[in-house]
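Dear colleague,

Please find the structure below. My notes on it follow.

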Amino acid sequence: ASLHHRREGNMTKAIRIHEQGGPELMRWEDVEVGAPGEGEARVRHTAVGLNYIDVYQRAGVYKLPMPMILGMEGAGVVEEVGAGVDGLKPGQRVAYAGMPPGAYTEERLIPAHRLVSLPDSLEDQQGAAMMLQGMTAQYLIRRTYRVRDGDTILVHAAAGGVGLILCQWAKHLGVTVIGTVGTDEKAELARANGCAHTIVYSRENVAERVREITNGEGVPAVYDSVGQATFEGSIDSLRPLGMMISFGNASGPLAPLDSGMLAAKGSLFFTRPSLMAYTAAREDLLASAGELFDVVMGGHVKIAVNQTYALEDAAQAHRDLEARKTTGSTVLIP
């Protein structure tokens, strides 16, 4: 493919937006991909991951310069490397997640220091499906609040991409996971993936159920990617000195935080972490990916690619994700 592209003047196909808004603004069009500059690699994608952050970037929750190619995660093959790139060569299988965006494309240039070599025993689709969600799960339960054997934690959206990975990984570490889900089908899926207790939030009071399950104590940590709709229940599920970890806002952004409330509810901690900050240093990126690969190759965490779409159908994938029709991970195939 690469020779063909070079003869054709380096054109490749990508999903690009020219303004932020709805899925209908996503266009499948020709873009030019030049030769890699210093410290860069040119990667031909075999699979691209779909994540909720793509929706935020498309919709304008995060302002980004236009036009832009969406997508924070992918797997593929190195086609060419620029000057000063060590440890990467053409033909090597790689995966990545994080800034800069630009994954919804057949080929792209990317800073070589963001690429991680994909182990032979992992498939490309797994690689594309697990880097962002898996490394997010890694920092959440190994660094932000480091779970311990015997802990009980609350995880929102337990049947989602991060949720299913986090539930399995936490169970492997001896943790009891209480997961919230939207439907009985999702509850079943979460339980099959290591979730000990499920709460269907549409008909159950989350904080009350958490208190019942924990004999009135509450949990030391809540992992919340839903945002506005779940905030109050999350806070009220924590025990004194507990940590509220807000790592997404699928239901809308949180209102400004009243720090006095954190004191009144028992000296609570509140944090809004991002994968970008936790993997900014290359050694942190490699450590995170390494731990993730280990638990997946060890069979402790299975990566559920529950939906695939052609990359050119990315708008439909976005619609389904926003309509809560997807579970686990979704992969776009160039």
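With which residue does Asp30 form a salt bridge? The partner of Asp30 is Lys13, and the closest N and O atoms are 3.6 Å apart. A salt bridge here is a side-chain nitrogen of Lys or Arg within 4 Å of a carboxyl oxygen of Asp or Glu. Asp30 lies in strand β2 (residues 27-32) and Lys13 in strand β1 (residues 11-17), so the pair ties together parts that are 17 residues apart in sequence. Strands are DSSP runs of E of at least two residues and helices are runs of H or I of at least four, numbered from the N terminus.

Please note that this is a predicted model, in which local features need pLDDT of at least 70, side-chain atom pairs count only at pLDDT 80 or more, and totals for chains, interfaces and linings use all residues. Residues are numbered from 1 along each chain as its sequence is written, and side-chain values use heavy atoms, leaving out hydrogens and water.

The whole structure contains eleven salt bridges. In one of them, Glu79 meets Arg44 at 3.3 Å, N to O. Glu79 belongs to strand β5 (residues 73-81) and Arg44 to strand β3 (residues 40-50), 35 residues apart. Glu79 is buried, with a relative accessible area of 15%, whereas Arg44 is partly exposed at 27% (buried means under 20%, exposed over 50%, partly exposed in between, with a 1.4 Å probe and protein chains only).

Asp320, in helix α11 (residues 314-322), is buried yet has no salt bridge.

Yours sincerely

Terms used: Lys, Arg positive; Asp, Glu negative; His and termini not counted.
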